[in-house]
Amino acid sequence: MISRRPKYLAIRPRRLTSTIVLGWGLLDQGFSSVTNLGVSVLIAKFDSRAGLGAFSLAFVSYTIAMGIAINLGTMPAMIRNRPEEAQRRNLERAVSAGTFVGLVFSMALLPIGLVSRDPIRGYFILFGVLMPFLMLQALWRFACFAARNPRAATLCDGIWLAVQGVSSL
């Protein structure tokens, strides 16, 4: 039976040295941190203090959703003492469960945004619409690391950095 699993979930052999994995991990974390910092700086520069506060509230909801998704699905799926096929299925389920958590948070953020006044309104609606996609991107990153594929995780965050850079122009 031929498996048609996406390449980013292909389990890599342990031949990658710790130094190489550490290097890719640092680069990936750098991309992730730059995107978060960049968005915060842009909001602080171009919006009011109230707008930055509203953005912070919406971002905290993303952080909480991410913590729930990681602890419920992704971290348990990273346990590597399973057969390779079972590991892949667990990673796929973890990403799906995390995206579902994003949908649940969307269903909470959108109504709050719709009944709130500006600036909370705009940021809550924005995060409500984007939450499943934000969760999917972040959880793909975790799944790539769990599959011992740090280059794919770094590529995922690099693309995210490029998309944010282009959209901020």
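A residue is called buried when its relative accessible area is under 20%, exposed when over 50%, and partly exposed in between, with a 1.4 Å probe and protein chains only. The model is predicted, so local features need pLDDT of at least 70 and side-chain atom pairs count only at pLDDT 80 or more, whereas totals for chains, interfaces and linings use all residues. Residues are numbered from 1 along each chain as its sequence is written, and side-chain values use heavy atoms, with hydrogens and water left out.

**Exercise 1.** Determine how many disulfides the structure holds, and classify cysteine 144 as buried or exposed.

*Solution.*
1. A disulfide is a covalent bond between the sulfur atoms of two cysteines; the criterion here is a pair of cysteine sulfur atoms within 2.5 Å.
2. The structure holds zero disulfides. For cysteine 144, the nearest cysteine sulfur belongs to cysteine 156, 6.2 Å away.
3. Seen from cysteine 156, that 6.2 Å to the sulfur of cysteine 144 is too far for a bond.
4. Cysteine 144 counts as buried because its relative accessibility is 3%. Cysteine 156, with a relative accessible area of 16%, is buried.

**Exercise 2.** Classify the ring pair of phenylalanine 55 and tyrosine 123, and state which helices hold the two residues.

*Solution.*
1. Rings of Phe, Tyr and Trp (its six-membered ring) pair if their centres lie within 6.5 Å; planes under 30 degrees apart are stacked, over 60 edge-to-face, and the rest tilted. The count by this rule is four aromatic pairs.
2. The ring centres of phenylalanine 55 and tyrosine 123 are 5.8 Å apart and the planes stand at 70 degrees, so this pair is edge-to-face.
3. Helices are DSSP runs (H or I, at least four residues), numbered from the N terminus. Phenylalanine 55 belongs to helix H2 (residues 49-77) and tyrosine 123 to helix H4 (residues 120-146); the pair, 68 residues apart, links distant parts of the chain.
4. Both phenylalanine 55 and tyrosine 123 are buried.

**Exercise 3.** Describe the pair formed by phenylalanine 59 and tyrosine 62.

*Solution.*
1. The centres are 5.6 Å apart with 50 degrees between the planes, and the pair is tilted.
2. Both residues lie in helix H2, three residues apart, about one turn of the helix.
3. Phenylalanine 59 counts as partly exposed because its relative accessibility is 26%, while tyrosine 62, at 15%, is buried.
4. Ring pairs join Phe55, Phe59, Tyr62, Tyr123 and Phe127 into a cluster.
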